[in-house]
Amino acid sequence: MIEIYCGDGKGKTTASVGLAVRAAGHDIPVIFAQFLKDDSSGEIAVLRALPEVQVRYALAFFGFVKNMSEKQREETKACYKNLMKEIEQEIFRLDGAMAVVILDEVLHACNYDLLEEEYLCSFLMKCQKNFSGELEFVLTGRNPSGRLLELADYVSEIQKRKHPFDKGIGARKGIEL
């Protein structure tokens, strides 16, 4: 199955972390991969402590996309393609079992053309077709395309009604970071 957690509200990553913890609590292997983030978010240390969870992220991280040079964008694209190949290899090492694969902020990576959506769609279909166990994907971010929405089995939209950022309050450690 494919789940999408999208929208402009806070909680997409938090929901995916909750699912990772739930799966790990049932001894289900989890691959938790982050795009457009480094490994400094508070949830990463906790997820790494769970033996069922493997955390993956691209080694290249240059901050906000709008501040990236063209060279940094190209390096990020190459790193994301490598990250997807690593994830695919890990998925098929788990073949025959149930597994959860969380691609946190992958929708942003596609929207900013740092990961080709066609590649992501092909990846999802290939893994689902060739994996002999039960495979659950979670994609997070904003503005999923019509094609991704069509592929999804679940779509949960998190809507912002109010946010401290609107008052000029930045991300807070332990709450948004």
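Predicted model: local features only at pLDDT ≥ 70, side-chain atom pairs only at ≥ 80, totals over all residues.
## A tour from the paired helices to the sheet

Helices α3 and α5 are roughly parallel to each other, since their axes, which come within 11 Å, cross at roughly 5° and angles under 35 degrees count as roughly parallel.

Coloured by class, the contact of α3 with α5 shows 8 nonpolar, 1 polar and 4 charged residues.

Next, display the whole of α3, residues 70–93, whose 24 residues reach 35 Å from the first C-alpha to the last, close to the 34 Å expected at 1.5 Å a residue. Its buried residues are Arg 73, Thr 76, Cys 79, Tyr 80, Leu 83, Met 84, Ile 87, Glu 88, Glu 90 and Ile 91. Show their surroundings as well, for the buried residues of α3 pack against α5 (117–130) and α4 (106–111), and also against the strands β2 (30–34), β3 (53–57), β4 and β5.

Now turn to the sheet, which is open and has 6 strands in the order β3-β2-β4-β5-β1-β6, with parallel pairing. At its edges stand β3 and β6 (154–157), and because each has a single partner strand, one side of each is left without a neighbour in the sheet. From one strand to the next, the twist averages 15°.

Within the sheet, select β5, residues 134–141, a mostly covered strand in which 7 of the 8 residues are buried. Strand β4 (residues 98–104) runs parallel to β5 and is joined to it by 6 bridges, and here Met 98 has Glu 134 of β5 as its bridge partner. Strand β1 (residues 2–6) also runs parallel to β5, with 5 bridges joining the two; to find this pairing on screen, select Ile 4 together with Leu 139, its bridge partner in β5.

Finally, move to β2 and β3, which pair in the parallel sense over 5 bridges, and pick out Val 30, which stands opposite Val 53 in β3. Helix α2 (residues 42–49) packs on the sheet here, touching both β2 and β3, and the direction of α2 makes about 140° with that of β3.

How values were computed:
Residues numbered from 1 in each chain as written. Heavy atoms only, no water. Buried < 20%, exposed > 50% of the residue type's maximum accessible area, 1.4 Å probe, protein only. Helix = DSSP H or I, 4+ residues; strand = E, 2+ residues; numbered from the N terminus. Pairing = 2+ DSSP bridges. Expected span 1.5 Å × (residues − 1). Contact = heavy atoms within 4.5 Å. Axes fitted to C-alpha atoms, helices over the stretch in contact; angles between N-to-C directions. Parallel < 35°, antiparallel > 145°, perpendicular 65-115°, else oblique. Nonpolar A, V, L, I, M, F, W, Y, C, P; charged D, E, K, R; others polar.
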